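I opened the model to look up a few residues and some totals for the chain. My notes follow.

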Amino acid sequence: MLLSWNSVKQHLEETASQALDVFTTGERTTWRRTFLLLLTCITSSLLLGSLLLLYLLFAVDYEVEVAGGITVCFGVSLTVALFVSTRARCLGTLFVVSIFMKKSRNLLLTAGTSLVVLKNVRNTLRNLARLTGSMICNLKAKKESVVAPFSNYVKMLEWIGGVLKGVTDLGVVNLDSKLKVSPRIESDVLRLRLSEAEQRLNETVRYFHGVMETVSSVTDKMLTAVSFLVLFMFIAVRVRKYRSDVKYENSFISARFVEFDAKQKAEGKPHVLPLTPKEERRYAAIPSVRPTSSEGKAMLKFGAPVISHVVTWALFIAVDALLYCFVDIVTKKLTELKPFHVPLMIKNRQKDFSYSVTLFERKCLPEPELLLSNSVLPLSAILITLIIMALMASKVSQLRLMVCDRFFSDASNARVEFLHRKILRKRLQTNKKENEGSIMSFILKVNEPQSIA
């Protein structure tokens, strides 16, 4: 049983190695290699087609029939292109590698932005709406409560009328002192304006929600397709430079370079390995852990959008927190205010018509919400993931070179020979300068005047 499993495992490893070789070289010398190439191309097309189908269904909101038709046409065309062209297979592989890093970064940034927009920005709008609504509520309440002081005034005037009646009815002249007073407040205009203010507030909130949804929809549908096209063109330009220019990013010691140098050494020709410490700093081995200057630039380029998004997230979260603090402080201060007492006492305080007026109705006080903890924790997890991806992005250039090295062996051999000659030439120039310096120092030392004892 163990022998059978080892044989199956060995057979699978040989098949995978042969499939990788025929996928990168395209050499269909036997029917087995042709079948493996076709199977590999179909599998790759199915995987990419499945991702495209999910994107069209859930990101772009296409109908199932439309998304299925586009996916089938894409899968068939991609299978034919991969089977026929080595360049198409190389471009497809590099595209997947770049998409894995770039698209994953964009998806995380989009998730973070959506989190901030859906929670913090909407919470800011809700707090603003609560603040404005509380003002409208207070105006409505004041419109109703302003009748109470007038009622006290009416009672006071009726009492004064009764007093006057008793004083003026002397039996000679009968003075009618009936005083009819009724409070009346013309509130139609105020009621209309309050209704208009409340309607405008609701319309403003709906408008901002509509704008955010429209911008999000355009960003998800249009910019993604454009970014895919630009990325594919960028990869095609890089592959063209790799094949046509032996100087393009040719500063790495690959496995092919090591084999070429070992062959030169076996034939008795000049070899360069092992490199000097100065040469090791200039020519890094791939794959390697130590980052180079170009990889540092790539990491900064990858992290630039991350930094800009993080600043934007922090700004929105800070605005939401500041508005919450403002509304919360205003609410607490209004709660602490005591009602104004207006004393109205007549006849040695026997008649009390006093009343109290509140500056702000308690039922209209706004109740803000703070979503700081709900946003910071998931955003922190997203940020940590992006930092790890930025560190990995520095090695994407090495991975691209390794992929191109597998697919274009002729161009890779030319680049290896050029780099080998370049290192030998620089080493000879350095040795020549050092020898000339040693000879000059020796001559100067010989020509020094001897001191007379």
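I take helices (H or I, at least four residues) and strands (E, at least two) as DSSP runs, numbered from the N terminus. This is a predicted model, where local features need pLDDT of at least 70, side-chain atom pairs count only at pLDDT 80 or more, and totals for chains, interfaces and linings use all residues. Residues are numbered from 1 along each chain as its sequence is written, and side-chain values use heavy atoms, with hydrogens and water left out.

Entry on the whole chain. I found 12 helices and 6 strands in the protein chain. I call a residue buried under 20% relative accessible area, exposed over 50%, and partly exposed in between (1.4 Å probe, protein chains only). Of the 453 residues in the protein chain, 29% count as buried.

Entry on Ala 67. I located Ala 67 in helix H3, which covers residues 64–84. Is Ala 67 buried or exposed? Its relative accessible area is 0%, so Ala 67 is buried. I count a contact when heavy atoms are within 4.5 Å. Leaving out residues up to four places away in sequence, Ala 67 touches Leu 53, Leu 56, Leu 57 and Tyr 62. Leu 56 is 11 residues from Ala 67 along the chain, and their C-alpha atoms are 5.8 Å apart.

Entry on cysteines. I define a disulfide as a pair of cysteine sulfur atoms within 2.5 Å. By this rule I count 0 disulfides. Cys 404 is in no disulfide, and its nearest cysteine sulfur, that of Cys 90, lies 4.3 Å away. Cys 404 is buried because its relative accessibility is 5%. Cys 73 has 52% relative accessibility, so I list Cys 73 as exposed.
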